[in-house]
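Subject: The model, and what turned up in it

Hello,

Here is the structure I promised to send over. Please open it alongside this email, and my notes will follow just below.

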Amino acid sequence: MLFRKTVNSVFWICCLLALLFAYFNKSLKHLLRRGRVRPLKHSQTIHHAWNICFFTAATIYLSLYHKLLIHPEIANQSSKYFPQYNNTIFLTACDVVKFEFVTMLLIAFDVNGALGRAKHGDYSEAISKLFYAALLLCCFVLRLENYSVLLNLYLGIFNTIQELLLLFSLHTKEKSDSTLKLYVIFIFSSWSYLFLNVLPFEFLIPTLYANSKELYLYLNLFFWLWYCSCIWNSPILKYFYHKIYHLQPNDCIGGESSVRCILFKDSPNYRHYRSVKQAYLELQLFHDKCKISGTRHREGENSSTKVLQTIKCVLAVKRKLKRMRENRDQLCED
C-alpha cells in the first residue's frame, strides 16, 4: 500500500514538474532569442537555469525546515540525561506530512533528471540519480528526517554552486582559458570538500554502524551505490578519462582542452555540430587536394607542350641552317 501510494505521488509530481519545465523552457528560450544567444547554447542554458532555481529554492526551504522543526527537537534530546539517539543524525520524523511532501518532491525531481540524462545518452548520470532517489525513499521509510534533510541541504548548496559555475563557463568567451581554469578549480575544491570530507564522516561511517535492521542494510546499500556512482562521475575522473581516451580533438566537446571537457556537457546538438564540422573540413580538404592535383596536371601538360614546341623550333632552325649551307655551297661552285 505504501509503495503504491509513493509511486502514485511521484508520478503526479513528475507530471507537474514536467509542465513547469515546459513553461520555463518556452519563456526562457524567448528571452535568449531576444538576447541574441547562440541557438546551440539554448538547451544547456535552460537546463542550468532550471537546476539553479530548483536547488536554490530547495536549499532555502530545507535550511528553514531544519532550523524551525528539527533543530528544536535536537536541542530537546541533547538536554536529556538519557537521549533517545546516540547520533542525532538518525532523529526520526517529527512532522511526517511535511517530510513526505519534501521527499516525494525531491524523488520526482531526480526521476525527471534521470530521464533527461538517459534521453541525451548520459546513462551514468541517470543511474546515479536513480540510486539517489532510492536512497531518499529508504530515508522516508525509516523516517530519518534529519538524515535526509541534512543530506539534501549539503547537496543543494553544492549543486547550486556547480550549476552557477557551469552556466558562467557556458557563456564565457572561448579565449578566456584562465577564467575557465578558475571555474574548474572551484568545482574541484567544492566536490572534494563534500564527497571526501563531509559525506564520509557525517553520513557513510555513521550509517555503517547504525542499527542492524534489514532496512538499514538497504540504506547502506543504496548510499554506497550512489556514492560510488558520484565518484565515477567526478570531475577528477573526467580529467583522467579525457587524458587517456580523448586523443583526437573531435573525440569530445572540449577538443584538446581538458578544462572544457570537464565544464561542458556533451549533447546530441553538439555531437551533430561536431560531425557536420568534421564533414565540412574533410570536404574542404578533398577540394584542396583536387585543386592541387589539377594544378599539377595542368603544369605537366604545359611543360610537355613547351618541350614539343622547343623541339619543333630546334628542328626548324636546323633545317634553315642546312638550306643556308646548301645555298652557300652552290654560290661557291658558280
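First, some ground rules. This is a predicted model, in which local features need pLDDT of at least 70 and side-chain atom pairs count only at pLDDT 80 or more, while totals for chains, interfaces and linings use all residues. Residues are numbered from 1 along each chain as its sequence is written, and side-chain values use heavy atoms, with hydrogens and water left out.

**The overall fold**

The protein has ten helices and zero strands. Helices (H or I, at least four residues) and strands (E, at least two) are DSSP runs, numbered from the N terminus. Of its 334 residues, 37% count as buried. Here, buried means under 20% relative accessible area, exposed means over 50%, and partly exposed lies in between, with a 1.4 Å probe and protein chains only. The protein exposes about 21,600 Å², and carbon and sulfur atoms supply 64% of that area. Accessible areas come from the Shrake-Rupley method with a 1.4 Å probe, and for residues only the protein chains shown count as cover.

An unreviewed UniProt entry lists "transmembrane region" for residues 6–24, 45–65, 85–109, 153–170, 182–201 and 221–241. UniProt positions are given in the numbering used here, feature names are shortened, and annotations may be inferred rather than shown by experiment. In the model, residues 6–24 are 100% helix and 0% strand, with the end C-alpha atoms 26 Å apart. Residues 153–170 are also 100% helix and 0% strand, and their end C-alpha atoms lie 26 Å apart.

**The core**

A nonpolar core is a set of buried Ala, Val, Leu, Ile, Met, Phe, Trp, Tyr and Cys residues joined through side-chain atoms within 4.5 Å. The largest one has 52 residues, and those with the most contacts inside it are Tyr147, Leu151, Phe195, Leu219, Phe223 and Trp226. At least two residues of this core come from each of helix 1 (2–34), helix 2 (42–78), helix 3 (96–119), helix 4 (123–141), helix 5 (145–170), helix 6 (177–208) and helix 7 (214–232). Helix 2 gives the most, with eight residues.

If you click on Phe223, you will find contacts with Leu135, Tyr147, Leu151, Phe203 and Leu204, leaving aside neighbours within four places in sequence. A second, separate core of eleven residues includes Leu165, Leu170, Val184 and Phe264.

**A patch on the surface**

Trp232, Leu237, Tyr239, Phe240, Tyr241, Ile244 and Tyr245 form a nonpolar patch on the surface, with about 790 Å² of accessible area together. Patches are made of residues with over 30% relative accessible area and no salt bridge: like charges are joined within 9 Å, and nonpolar side chains (Val, Leu, Ile, Met, Phe, Trp, Tyr) within 5 Å. Helix 8 (residues 235–245) supplies the largest share of the patch, six residues. Tyr241 is found in helix 8 and counts as partly exposed because its relative accessibility is 44%.

Another patch member, Tyr239, has its C-alpha atom 7.8 Å from that of Cys261, 22 residues apart along the chain. Cys261 sits in helix 9 (residues 258–263) and, at 14% relative accessibility, counts as buried.

**Charges and loops**

How many salt bridges are there? The count comes to one, where a salt bridge is a side-chain nitrogen of Lys or Arg within 4 Å of a carboxyl oxygen of Asp or Glu. Glu100 forms it with Lys5, the closest N and O atoms being 3.7 Å apart. The pair links distant parts of the chain, with Glu100 in helix 3 and Lys5 in helix 1, 95 residues apart. Lys5 is partly exposed, at 47% relative accessible area.

Lys265, in the loop between helix 9 and helix 10 (268–333), counts as buried because its relative accessibility is 19%. Its C-alpha atom is 7.9 Å from that of Gln44, 221 residues apart along the chain.

Finally, two arginines to look at. Arg36 has a positive phi of about 60° although it is not a glycine; Arg36 lies in the loop between helix 1 and helix 2 and is exposed, at 79%. Arg143 likewise has a positive phi of about 60°, but sits in the loop between helix 4 and helix 5 and is partly exposed, at 27%.

Best wishes

Technical notes: Contact means heavy atoms within 4.5 Å.
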